[in-house]
Amino acid sequence: MSVAATMVEGGWLRRLRWRISLRLFLSELLAKRWMEPAIPFALMVGLIVLFSITTPYYATLGNAQQLGREFAEAGFVAVAMALTVISGGIDLSVGSVFALANLAALVFFNIWNWPVGLVIAATLCIGAAVGAVNGFLIGYLRTRPFLTTLVTLIVLRASVDLLGQHFSVPLAMASRVSWTWDVIGVGWIAKLPSNLAILGIVAIVGHFLLSRSRPGWHLTAIGSSRKAARHAGIRVERVLFLTYVLSGMLAAAGGLFYAARLNSSGSDTGVGWEISALTAVVLGGVSLAGGRGTVARALIGAVIVFVLVNGLVRMGFPGALSSTALGAVLLIAVGIDVKWAKNRGKAIQKIYVNPTMVELPPAPSIAADSGTAFAENTRLQASEEIGLDQVQGPEDVILDRQDRLYCGVREGWILRFSGPNFEHREVFARIGGRPLGMAFDRDENLIVCVGGMGLYGVTPAGKVYKCTDQTQRSLFKLNDDSRLRLADDCDIAPDGTVWFSEATIRYEMHSWFLDGIEGRANGRLIAWDPATNKTRTVIKDAVFPNGVCVAHDGRSVLFCSSWLCRIYRHWIEGPKAGQTEVFADNLPGYPDNLNRASDGGYWLAMVGIRSPTFDLLMRHPGVRTRMIKQIPPDEWVYPGINNGCIVKFDESGRALESMWDPGGTKHATVTSMREHKGWLYIGGLENNRIGRVRLPDADPDWNGYDAYWGSARGRS
Amino acid sequence: MKITELNNSLSPRQRGEGARTLAWAMVIGITSLITACDPGTRNAVEPPTGAAAAAVKTPDLSGGDSSAMLRTRVDTALKGKVIAWVPVALGMPLTEIWTQVMRAEAEARGMKLEVRDPNWNTTAGLQAVSSLISERPDVLVVHNPNVQLYARELARAEAAGIVVIQVNMVSNHKTSAYVGANWKTVGRLLGEEIVRACGTGSGTSGKVAIVQGEATSGTSIEQAQGATEVLATDKGIRIVSNQAANWDASKAHDITATVLQQHPDLCATVGFWGVMQAGAAQAVKSAGLQGKVRVYSSGGDGKLDCDNVDSGLFTKFLTYDAPSQAKVIVQFASFMLQTGLPPSSVRAADYSRLQWMEKGKYDPGLCYDPARRGAARS
Amino acid sequence: MLDTLFSRIKEALFPGSEAVALPMMDGALKPNRRLDDAAPIGAELPGCDDVVALVDGTVLVSVDQRILRLGDRSTWCECPGTVGALAVAADDSVYAAIAGAGVLRIVQGIVTSRLEQVDGRPLRCVTALAVLADGRIAVSEGSSANPLDDWARDLLEHRASGRVVVATADLSSASTLASDLAWPAGLLARGNALWISEAWRHRVLSQPIAGGAPIPVLHNLPGYPARLSADPDGGAWLSLIAVRTQMLEFVLRERAYREEMLATIDPRYWIAPSLRATGHYLEPLQGGAIKKLGIVKPWAPPRSYGLVVRLNAAGEIVDSLHSRAGGVHHGITATLRRGAHVIAVSKGAGRVLQAIVEVGR
C-alpha cells in the first residue's frame with residue numbers, strides 16, 4: 001500500500017541513511033506537551049535508580065517510607081513556591097512561613113495545650129495571613145513579588161528568631177502526648193506516611209485545580225501575561241491575592257507537619273528552603289517567566305532536589321559541598337529554563353524539518369525545439385483574464401451547470417463569477433481556512449478541501465457544512481495525525497465517495513514548501529463516504545499527494561505526487577482494486593491539480609518546472625538541512641514556479657501536448673485548470689486573476705458536471 | 001481556594017464533574033482517615049528499663065577464662081563493627097578532635113568510624129541520622145543540635161538494635177549513654193566565678209551579659225539555667241543581656257558589641273562555647289575594654305582555647321577536655337558491643353571532668369591541636 | 001576585544017549562530033531607483049563594457065571588438081579581439097585590454113604596441129587598466145585559471161589567482177606588483193598608491209606602488225566590486241557587478257554541492273551572480289522572488305543587480321545608485337563622471353546610462 005517504497009533511487013544504504021531519521025523522531029517528540037516534564041521525570045527516576053544501586057539499604061520499603069516522610073514537608077513548600085512562580089511572581093517567604101508555622105504549631109500544641117484541631121486551623125491561618133499580606137501588596141498594590149516576599153522573608157525570620165528564644169526553654173521541656181498529633185507527625189494513612197499521603201491529596205487536587213479549573217487557567221494566564229489576562233477580563237488582583245494566600249497556607253502546612261514530626265524549633269528551621277524550593281520548581285520545568293508549569297512538575301523537581309541532597313549526605317559528602325551542589329543545580333536549571341523557554345520553538349523548528357534524499361532521473365526536454373509534448377510554447381499567454389485584481393490566489397477553479405465560475409481564495413472564501421464575461425463577482429461562501437481543491441457532487445453541492453480545516457461542503461444556496469475533519473489515527477506515530485491538516489484536492493467517485501488528498505501531515509498551508517524541502521512521504525490519500533460518514537485513510541506515506549481525479553470510467557483514482565514528479569493510479573474497482581500503479585513518471589515539473597478533459601484525457605497543472613539546481617538540492621538532503629537553518633526563507637532555492645504550464649495526458653498516461661506561459665507573465669504557479677464548454681479555465685495559487693484559453697478542438701458542450709453525473713439528470 | 005468559589009466559576013458541566021471528583025475525594029479521604037490512621041512510632045518505643053532490664057540475659061561466659069579466650073571474645077565482638085558519627089558540623093576544633101580521637105581509638109580496636117557532616121543544617125543532620133538507621137551501624141554517636149530534633153529517630157535506632165551514644169548535646173530521648181559535660185554544673189561554675197568577680201562588694205557595675213548558644217539546645221539551656229540560678233543569688237549582679245547567638249561567633253560579636261555600646265561598664269560576659277564566645281571577646285577587644293570586661297566561657301576546642309586564654313581574650317575558661325570524651329565514647333561502645341546488652345536496657349552517663357584554664361595556669365596537655373594531629377596522620 | 005572573545009566562545013558552543021553576516025544595505029547604501037531612472041544614452045549597445053574620456057572630452061566605449069565614440073557611435077578603433085577595459089594616458093594614447101590576448105596601446109586609433117605576457121605568464125584575463133602618475137600603466141588580471149567570461153566559475157571555485165602588474169608606458173617591459181588576488185577587477189591610481197578592488201573578497205585595497213603590504217580601503221562590501229573611476233572632487237566611483245546574497249554565500253560554503261553543480265549543470269542555471277537576470281524558469285528561483293499576485297517584490301534576493309557607489313577621497317561610501325530586483329539596469333561594469341552626470345555602463349542591460357549626480361553628498 002505504501003507508495004513511498006519506490007520514492008528514492010540510488011544506493012540502498014544511502015537511501016536508508018536518509019529514510020530513517022532520528023531527528024525526525026526527536027523533533028516530533030520535543031513538540032509534545034508531555035515532553036517538558038518528561039526530562040525532569042527521567043532525571044528523577046535516574047537519580048533514584050543511581051542511589052538504589054550505590055547506596056546500601058536504599059531500595060527497601062522502610063527506607064522509602066522514611067524518605068517519603070522526610071520529603072513531604074519540602075514537597076509542600078515546593079508546591080507553594082510553584083503556585084506563585086506560575087502566577088508570574090515568586091514567594092521567597094515560603095521558608096520563613098514554614099519556620100513560623102513550625103514554631104507556632106509547637107507553641108499552640110506544647111505550651112498552650114490547644115486541641116490538635118485548633119492547632120491545625122490556627123497554624124494554617126497564620127500561613128494564610130502572611131500570604132494575604134504578600135498577596136495584598138503584590139496583587140492590589142502591584143509591588144514586585146521578589147522584593148515584597150524578600151522583605152517578608154527577613155521580617156518573619158527575625159520574628160521567628162525572637163519568638164524562638166522566648167519559647168525555647170518551655171518547648172525544650174515540653175512533653176505533651178496526643179494520638180492525633182502522632183498521626184499527623186509520625187503516623188500512617190493507608191500505609192503511607194501521613195504527611196506524604198496528605199501531600200499526595202493536595203497535589204492531586206492542586207493539579208486539577210491548576211490544569212482543569214477556571215481559577216487555575218486564570219492563574220496560568222496571569223503568569224503568561226498580566227496585561228493580556230486583564231484585557232481578557234480576569235480579575236488579576238483577586239487571583240494573585242488568593243494565590244499568595246494559598247502559597248502561605250501550603251508552606252504553613254509543611255511547617256505543621258514538620259512540627260508534628262520532630263517537635264523541634266531549631267533556629268535554622270526552614271533556612272534556605274526557599275532556595276531549595278525554587279531549585280525544585282525550576283528543575284521540574286516550571287518556568288521562572290511564569291505561565292508554564294504544573295503541581296506535578298514542581299513535585300518532580302522537589303523529589304530530584306531531595307534525593308540529590310539526601311544522597312550526598314548519605315554518601316558522606318562534606319556538608320558545604322552538598323550546598324554547593326544544590327547551588328550549581330539551581331544555576332544549571334535556571335540556565336536551561338531560560339534557554340529552553342526562549343528557544344524551544346526554535347529548537348524544534350531547527351530539527352523539525354528532516355530532508356531526505358529524492359533522486360529524480362534527468363528531466364525530459366522541454367526546449368521549444370525539442371519536439372516533445374512538453375516543448376515550451378506561449379499558448380497560455382493568449383489567455384483572457386477573469387477577475388483581474390479581484391481575486392487573491394484562486395488555487396482551484398470550477399464551473400457549475402449554469403456556467404458560473406467558482407474559486408477558493410486566500411481570504412478563506414469561495415468566490416463566484418457569473419455573467420456572460422464573468423464580470424459579476426460575489427462571495428459565494430465564507431468557509432475560512434484556505435480553500436483548495438473543489439468538486440461538485442451529484443446534488444450540486446460544492447465539496448471543498450480546506451487547508452487547515454478539512455473537507456467541507458457548500459450547498460447551491462451557499463450554506464457551508466462540514467464533511468469530515470479527521471480520519472483514524474495511525475499507531476506508532478508521535479504526531480497526532482487524526483486531524484486533517486492540509487486537505488488539498490478532491491474528486492468524487494460514481495458511488496458518491498469523496499476521494500481527497502492530504503498533502504502533508506507535518507506542515508501547515510503557509511509552510512507547504514518545507515514539506516518539499518523535506519521530500520518525505522508525509523501525505524495521504526483519504527476517502528470519505530457521505531452515506532456512512534466514515535473517513536478512512538487509503539494510502540498513507542504518499543509524497544505530497546496533490547491533485548486527485550477520478551478516471552473517466554470511475555474505476556480508478558489518479559493522484560499526483562508533487563515532489564516525485566509522478567502521477568499514480570489507484571484502482572478502486574475491478575480486478576486490481578486496492579492496487580496502486582504509476583500512471584505517469586518523471587515529469588519535467590511538479591504536478592498539481594489533475595482534471596478530466598473532454599477528449600477522454602486529463603489536464604495536469606504543472607505548478608513549477610524542475611530546475612537543475614533544485615534537482616541537485618533534492619539529491620543533497622544535508623545541504624537542504626543547512627540551507628533552511630542558515631538562511632532565511634526568502635533566500636531558499638525553489639523550483640521554477642515563476643512559470644505557467646499545463647499538460648494533457650491520455651488515459652494511458654502519455655503526455656499529448658502542453659500549454660506554456662514561460663516566466664509566468666500572466667500565469668505563474670498554475671495550480672489548476674478546468675475544461676468547460678470549449679474553454680480551459682486556469683487558476684494559480686499566488687495569482688491575481690483567473691484566465692481562460694479557448695480549446696479549438698474541444699467539444700464545445702462538454703462540461704464537468706455532466707461528465708460526472710450525466711446530462712440526462714435534471715436538477716434535483 | 002474555597003470550594004464554593006471554585007464551583008461558582010466553573011461551567012455547569014465542569015461543575016458537575018468537579019462535584020463528582022470532590023465527592024469521591026471526600027469519600028476516599030474520610031475512609032482512609034478512619035481506617036488507615038496509625039499513630040506511628042509510639043509502639044516502636046521500647047520501655048527503657050524495668051521489664052526489659054529484667055529480661056536481659058547475662059552472656060554465657062562458661063568454658064574457660066584464659067587470656068587468649070578473652071581476646072578472642074573481645075575480637076569477635078569488636079572486629080569490623082561500625083561506629084557511625086553525626087556531629088552538627090565538622091570543620092571546628094571540637095568536632096574534629098572528637099572525630100580524630102574516636103577514629104584512632106576505634107581503629108585500634110578493629111572498629112570503623114563512619115562520619116556524616118550535616119554542616120549545621122538540621123535537615124541534613126536529620127536525614128543523615130535516619131539514613132544511618134536504615135544502614136544499621138552497630139553504634140550511633142550523635143551530637144544533637146537540639147533536644148527534640150533527633151528524639152524520635154534515636155528511639156527508632158534503639159528499637160532497631162543500634163547502640164546510641166549522645167555526646168555533649170543531649171536529646172530529650174535518653175539513650176544507652178550520654179558522654180559530656182554536666183551542663184548545669186558548668187553553668188554553676190561559670191556563675192560562681194562571675195559572682196566572685198562582679199558580685200556585691202567587687203566594686204564593679206555588676207552588669208553581666210549572657211551569650212547563649214542555640215536556644216533549643218540542651219547544652220545551652222542547662223548552662224543558662226545553672227548560671228542564672230547562681231547569679232540570682234547575688235543582689236549586686238544584673239543580667240543586662242541574655243541572647244542566643246546560635247553557636248555563631250560573628251553573631252556573638254554583634255550582640256556583644258551592641259551590649260557594650262549600651263553598657264560600657266559591663267563587668268563580665270559569659271558564653272557557652274569557646275568558639276562562639278571568641279567573637280564576643282573580639283568585640284570586647286575592639287571596644288578597647290580588654291581586661292576591663294571579663295570574658296568567661298566553657299568549651300573543649302583544645303589548642304584554640306589555649307591560644308585564646310594566652311592572648312588574653314578569655315579571662316577564665318572552663319574546659320571539658322574533648323579528647324578524653326572521645327575516648328570514653330569508644331570505650332563505652334566497646335563495652336556495649338562486648339556485653340551485647342540491648343541498647344534500651346542501659347541508661348548511663350559519663351560526666352566529663354571540668355578544669356579551669358587561666359593565662360599561664362593550665363595543663364598544656366589540654367591543648368590538643370587537631371590540625372597538627374591531622375597533618376601528622378596523613 | 002572582550003566582545004570578540006565572547007562571540008568566539010559562543011560560536012564554539014553554538015556553531016552557526018553567528019553565520020556570516022552580510023552587510024546591510026543601509027545608510028549611504030540605502031536602495032533607491034536612481035539607476036532605473038537613469039536615462040539611456042542612445043540605443044542599446046549589447047556587449048558594452050568600459051567607458052573612458054579622451055583629453056579632448058570625447059567619450060569612448062568598448063563594445064565587442066570595437067571602440068566606439070559614445071556620441072555618434074562611430075568606430076574609433078577596430079581591435080583584433082573583444083575589447084574590455086580601457087585607459088587613457090596624459091598623452092591621449094589609449095590602452096585597451098583584449099580578452100585572452102593582453103593589452104594594446106592605441107595612439108590616434110592605431111595600435112602601436114602590445115603586452116602579452118608578464119613574468120613568463122601570458123596575460124589573458126585583463127579586467128582593468130589604470131595610468132599611473134609617472135606614465136606607467138597598471139594592469140589587473142582577474143584570474144590565471146579562468147577566462148574573463150567565466151568569472152562566475154572563478155568565484156565558485158574560490159580562486160585567488162589574480163595579479164596586478166605594472167608596465168612601462170610603451171608596454172616594452174612589465175613586472176608584477178601584487179599577486180594571489182581574488183579577481184582584482186578595478187584599478188585607480190591615487191598618488192603613490194594604487195587602489196585595487198578585489199571582487200571575490202568584497203574589498204578595495206590600497207597598494208603602495210613602490211611595493212609593500214596593501215591597506216584595506218573598503219571591506220565587507222555588499223557586492224562584488226569592479227572598476228573604479230576618479231571623480232574630480234578627489235573621490236571615486238566604484239561599480240559593483242552584482243551583490244552578494246545569503247544563498248550565494250551559503251553555496252560558497254557547501255563544497256560538495258558546489259562542485260557537483262559546476263560539473264553537471266549548465267553555467268546559465270548555476271546558483272551564481274549574474275550580470276543580467278532572465279527570469280528563466282530553469283534558473284534557481286529564490287523564495288523572495290516568487291511572483292505573488294503578478295509581481296516580484298523589489299526587495300527579493302537578486303540574482304543580478306545594478307549598483308554604483310560613490311566614494312570620497314578617504315574611500316568612505318557617500319552615495320549609491322541602485323537598480324533592484326525587477327529593474328533592468330543591472331551588471332554595471334564601468335562609470336565615468338562627466339560634469340553633473342555620471343555615465344554608467346550596464347553590461348547586463350547592454351546600455352550606457354546617464355545618471356544625475358546629487359550634489360551635497
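These legends walk you through a few close-up views of a predicted model. Local features need pLDDT of at least 70 and side-chain atom pairs count only at pLDDT 80 or more, while totals for chains, interfaces and linings use all residues. Residues are numbered from 1 along each chain as its sequence is written, and chains are lettered from A in the order in which they are written.

**View 1. Where chain A meets chain C.** Here 33 residues of chain A are in contact with 30 residues of chain C; contact means that C-beta atoms, placed from the backbone, lie within 7 Å. On the chain A side, helix H17 (612–618), helix H18 (621–630) and strand S22 (637–638) each give two or more residues. Helices (H or I, at least four residues) and strands (E, at least two) are DSSP runs, numbered from the N terminus.

**View 2. A strand pair across the two chains.** S22(A) runs antiparallel to strand S22 (residues 285–286) of chain C, and two bridges join them; strands pair if DSSP finds at least two bridges between them. Which residue is the bridge partner of A:Tyr638? Look for C:Leu285 in S22(C).

**View 3. Chain C as a whole.** You will find five helices and 27 strands in chain C. Of its 361 residues, 49% count as buried, that is, with 20 or more other C-beta atoms within 10 Å of their own.

Definitions and conventions:
Two residues are in contact if their C-beta atoms, placed from the backbone, lie within 7 Å. A residue is buried if 20 or more other C-beta atoms lie within 10 Å of its own, exposed if 12 or fewer, and partly exposed in between; C-beta atoms are placed from the backbone.
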